[in-house]
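Biologist: Before we use any structural terms, could we go through what each of them rests on, one value at a time?

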Amino acid sequence: MLPEVLVLFACASNHGCSEVSSQYFREHPEVQHQVGIDARRLSNFVGKTTVNVFAPVAFFLSGGTSNIKLHESFYLQLNKNQGMVMLKKEFK
C-alpha cells in the first residue's frame with residue numbers, strides 16, 4: 001500500500017513521477033503481466049496502427065513525450081520542445 005501511495009503522491013505533485021512509477025513497475029511483475037494483457041487486448045480491439053502511431057501522436061498533442069516505433073530498434077521521440085530519432089535496444 002505504501003509504494004502505491006508514493007507513486008500517487010509523486011505523480012500528483014509532478015515531482016519524480018516517471019522515475020517512481022518506472023521503479024514500481026519493475027518491482028511488481030503482476031503489474032507488468034496485467035499491462036501486457038491490457039496492451040494485447042487494446043491492440044486486438046483498435047488495431048496495431050492505431051496503437052503504434054495514432055496514440056503516440058495524440059499523446060504528444062496533449063503535451064506529453066511520445067515514442068513512435070519506426071522499425072525494430074528505431075524510434076521517433078516527440079515532445080513539445082524537440083523531436084529526435086533514437087536507436088533503442090532493449091535487453092531482457
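Modeller: The bend at a residue is the angle between two fitted axes, one for the seven residues ending there and one for the seven starting there. In this model, which is predicted, there is a kink of about 35 degrees at Phe54 in helix 4, shortly before the proline Pro56.

Biologist: What span does helix 4 reach, and what is expected at 1.5 Å a residue?

Modeller: Helix 4 covers residues 48-61, which makes 14 residues, and from its first C-alpha to its last it reaches 20 Å, close to the 20 Å expected. After helix 4 comes Gly63, whose phi is positive, near 110 degrees.

Biologist: Why is the link of Cys11 and Cys17 called a disulfide?

Modeller: A pair of cysteine sulfur atoms must lie within 2.5 Å, and the sulfurs of Cys11 and Cys17 are 1.9 Å apart, so the pair counts as a disulfide. A search of the whole structure finds one disulfide, and with 75 degrees about its S-S bond the link of Cys11 and Cys17 is right-handed.

Biologist: Which residues make the nonpolar surface patch?

Modeller: Met1, Leu2, Val5, Leu6 and Val20 make this patch of about 510 Å². Its largest share, three residues, comes from helix 1, whereas Met1 is found in the segment before helix 1.

Definitions and conventions: Residues are numbered from 1 along each chain as its sequence is written. This is a predicted model: local features need pLDDT of at least 70, side-chain atom pairs count only at pLDDT 80 or more; totals for chains, interfaces and linings use all residues. Side-chain values use heavy atoms; hydrogens and water are left out. Patches are made of residues with over 30% relative accessible area and no salt bridge: like charges are joined within 9 Å, nonpolar side chains (Val, Leu, Ile, Met, Phe, Trp, Tyr) within 5 Å. Accessible areas come from the Shrake-Rupley method with a 1.4 Å probe; for residues, only the protein chains shown count as cover. A salt bridge is a side-chain nitrogen of Lys or Arg within 4 Å of a carboxyl oxygen of Asp or Glu. Helices (H or I, at least four residues) and strands (E, at least two) are DSSP runs, numbered from the N terminus. The expected span of a helix is 1.5 Å times one less than its number of residues.
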